[in-house]
Structures are given as structure tokens and as C-alpha cells.
Amino acid sequence: MIKWAGWIITLCGTGHTLGALTVERAARHAGTWFSGGLWSEDFTDMSPAGSAYWLSLASFGIPLILIGLTVLWLDRRGLTPPAFIAWTLGGWTVVDAVVLPFTPWPLFVLACVLLLIGARRAHRAGPEAGFSRG
């Protein structure tokens with residue numbers, strides 16, 4: 001269950017980031033990003049390059065990839081990810097579902113449930129099953 005959760009989180013983060021860069025064509029603004037073109041920009045008057053940056057590289061996609069890969073890394077070492085990862089991602093998912101209902105938030109709910117069930121099972125099984133308190 002934990003491995004599935006890690007893969008779901010990683011693939012959603014990767015899909016969002018790569019989709020923004022390619023399908024949404026955010027990468028075409030890379031020249032502006034890396035030449036200082038966003039340095040004086042503010043949120044009240046965002047340029048297409050600024051919007052593309054926040055949609056792609058500065059979005060939640062890359063942190064989700066890191067969270068998913070961390071979950072997978074812990075699972076490969078027989079360690080149970082802490083439940084706060086699932087609870088925090090779950091809270092974030094609820095906000096996302098309310099603000100933007102037509103996003104893949106059900107996949108994140110599934111990942112959170114899998115993480116919580118996996119953590120609960122590992123906790124019940126004890127140290128021999130990979131539950132680590134330290």
C-alpha cells in the first residue's frame with residue numbers, strides 16, 4: 001500500500017510538472033525566467049511568463065515528486081513513512097478539492113488513505129514489519 005501511494009504521488013507530481021512545461025507550453029518562457037524577467041513582477045499583474053513559471057517549476061509538482069520519492073525510499077528500506085505526510089497531504093487535498101474541483105484530487109485522497117492504512121498496519125505489526133519510531 002505504501003509503495004502504491006508513493007508511486008501515485010510521484011507520478012502526479014511528475015505529470016503536473018511535465019504537462020505544464022510541455023502541453024501547456026510553459027517552457028517557452030524559460031528565457032524570461034533565467035534572464036531576470038520576473039524579478040520585478042508581482043501577483044497583482046502577472047505576465048504570461050510569470051504565470052507559466054508558477055504553473056510549472058514553482059508549483060506543487062516538484063515538492064510532490066520529492067514526497068513521493070521519499071515515501072518510496074522509506075518503503076524500500078523497510079521504514080514506514082510518518083503519518084503526518086498523509087495527514088498534511090490530505091489537508092492540502094481537501095483545500096484543492098474545494099477550490100478546484102476538476103483536478104485529480106481523488107488520486108491524492110487514494111494515496112493518503114493507502115499511506116494511512118499502510119502506516120496503521122505497520123504499527124500493529126511492530127518493529128519486525130518495518131515500523132520505526134526513531
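**Close-up views of a predicted model**

View 1. His-29 sits in the loop that links H1 to helix H2 (30–33). Leaving aside residues up to four places away in sequence, His-29 is in contact with Pro-48, Ala-49 and Ala-52.

View 2. Helix H5 comprises 17 residues, 83–99. From first C-alpha to last, H5 reaches 25 Å, close to the 24 Å expected at 1.5 Å a residue. Ile-85, Ala-86, Leu-89, Thr-93 and Ala-97 are its buried residues. Seen down the axis of H5, these buried residues fall within an arc of 95°, so they line one face of the helix. The exposed residues Phe-84, Trp-87, Thr-88, Val-94, Val-98 and Val-99 lie on the other side of H5. The cover over the buried residues of H5 includes helix H1 (2–21), helix H4 (61–76) and helix H6 (105–125).

**View 3. The largest nonpolar core.** This core has 15 residues, of which Ile-9, Leu-89 and Leu-115 touch the most other members. H1, H4, H5 and H6 are the elements that each contribute two or more residues to this core. Leu-89 is in contact with Ile-9, Leu-64, Phe-108 and Cys-112, when residues up to four places away in sequence are not counted.

**View 4. A separate core.** Another core, of six residues, lies apart from the largest one. Among its members are Leu-21, Ala-26, Ala-49 and Ala-52; Ala-49 and Ala-52 are also touched by His-29.

Conventions:
Residues are numbered from 1 along each chain as its sequence is written. This is a predicted model: local features need pLDDT of at least 70, side-chain atom pairs count only at pLDDT 80 or more; totals for chains, interfaces and linings use all residues. Side-chain values use heavy atoms; hydrogens and water are left out. Helices (H or I, at least four residues) and strands (E, at least two) are DSSP runs, numbered from the N terminus. The expected span of a helix is 1.5 Å times one less than its number of residues. Buried means under 20% relative accessible area, exposed over 50%, partly exposed in between (1.4 Å probe, protein chains only). The arc is that of the directions from the helix axis to the C-beta atoms. Contact means heavy atoms within 4.5 Å. A nonpolar core is a set of buried Ala, Val, Leu, Ile, Met, Phe, Trp, Tyr and Cys residues joined through side-chain atoms within 4.5 Å.
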